[in-house]
Amino acid sequence: MNQLLVTLGTKLTERWLNLLVLPGALFLGVLAAGTTLGHAHWHDLPRLGEALDDLTARPALDRAGTAAVAVAAVLLLSSALSLAAQFLGSAVESFWLRESRFAFDHRRQRARLRAWERLTRERNAAIRDPATKAAEIRRLDRARARIGLVPPSRPTWYGDRLQAAGERVEAVYGLDLDAVWPRLWLILSEPAQRQIEAARASFTAAARLGAWSLAYLAVAVWWWPAVLIAAGCALVARSRAHESTEALASLVEAAVDVHGRDLAVLVGLEQADVPGPLPVDTGDRLSETFRKAGLFDTDDDAPGT
């Protein structure tokens, strides 16, 4: 039992250091360096060394108690900054996955849709032309897929990719993914659940890194090289968010492909010994069952009402 508690304590400490203390401490270090150097002396490392020497030479820091309080304050402040970054990361997630609500979003969505439709016309023309090589058709397919697998309905690729997963599942199987997914999740194997959770966690981590890029951008008010750090964080966050969104959407579709019929068998809408994919009419019935639509509807024209 003691060994178990020690192991759990070690893992919690490592997680606390990696997720909270280290990112916040790194930001505090950049902030301190930036405010010390400023724009005029942005590359003056000896100036930064002098500032550190002046700080360590203060008599108060010679006392063990004062030093312990200072270290504790840095740890707490680092944790607080990391928690703030997590909160801001949730806002970044919502921004990436937002629907078209404002004029800017509608303009961006229409621009993406026009580009998608233009590439679709070029692709269809290339397919009809016997002289077109297969490589050109594949290039047009990849170019259109970079915009969206289905006609864009949101201002961002991230939101459209997850939206495409639901539309593709409904087109092939007749399933309403919003209604079916919680039930399908219950019958997935633990390894499949872990992979989906890992993809989702990776997207959250990318959004959190995007939040840190905004924080470093604020430091650029005092120290312009922080812009480079912010740009690096933003680029990495964008790349990771793209990869994790693609992985998450693909895993969700794969879960339906592999286990959609199993769910229908458990519900009693399909026979276990009948091979083949989930029929569309069965998918429609599953969706209707899980939506529970009309459960509390009343007929005002019925006799006796």
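Student: To start, how many helices and how many strands does the protein have?

Tutor: There are ten helices and zero strands. Helices are DSSP runs of H or I with at least four residues, strands are runs of E with at least two, and the numbering starts at the N terminus. Keep in mind that this is a predicted model, where local features need pLDDT of at least 70 and side-chain atom pairs count only at pLDDT 80 or more, while totals for chains, interfaces and linings use all residues. Residues are numbered from 1 along each chain as its sequence is written, and side-chain values use heavy atoms, leaving out hydrogens and water.

Student: Why is H4 called roughly antiparallel to H5?

Tutor: Helix H4 (residues 103-128) and helix H5 (residues 134-147) pack at about 165°, with axes 9 Å apart. The labels go like this: under 35 degrees is roughly parallel, over 145 roughly antiparallel, 65 to 115 roughly perpendicular, and the rest oblique. The axes are lines fitted to C-alpha atoms, for helices over the stretch in contact, and angles run from 0 to 180 degrees between N-to-C directions. So H4 comes out as roughly antiparallel to H5.

Student: What makes up the contact between H4 and H5?

Tutor: Contact means heavy atoms within 4.5 Å. On the H4 side, the residues include Ala 115, Trp 116 and Leu 119, and on the H5 side they include Ile 137 and Leu 140. By class, the contact of H4 with H5 has nine nonpolar, one polar and five charged residues. Here Ala, Val, Leu, Ile, Met, Phe, Trp, Tyr, Cys and Pro count as nonpolar, Asp, Glu, Lys and Arg as charged, and the others, Gly among them, as polar.

Student: How do you know that Ala 115 is buried?

Tutor: Buried means under 20% relative accessible area, exposed over 50%, and partly exposed in between (1.4 Å probe, protein chains only). Ala 115, which is found in helix H4, has a relative accessible area of 19%, so Ala 115 is buried. Other buried residues of H4 include Trp 116 and Leu 119, and the buried residues of this helix pack against H5 and H6.

Student: And what makes Ser 100 buried?

Tutor: Ser 100 has a relative accessible area of 19%, so the buried label applies. This residue sits in the loop between helix H3 (64-96) and H4. Leaving aside neighbours within four places in sequence, Ser 100 is in contact with residues including Asp 105, His 106 and Gln 109.

Student: Why are H6 and H9 called roughly parallel?

Tutor: Helix H6 (residues 157-173) and helix H9 (residues 226-267) pack at an angle of about 15°, with their axes 9 Å apart. H6 and H9 are therefore roughly parallel to each other. By class, the contact of H6 with H9 has ten nonpolar, three polar and six charged residues.

Student: Then what makes H7 and H9 roughly perpendicular?

Tutor: Helix H7 (residues 177-187) packs with H9 at an angle of about 80°, with their axes 9 Å apart. That makes H7 and H9 roughly perpendicular to each other. Trp 181 and Leu 184 of H7 are among the residues making the contact, along with Val 256 and Leu 263 of H9.

Student: Last one: what share of the protein's residues is buried?

Tutor: Buried residues make up 33% of the 305 residues.
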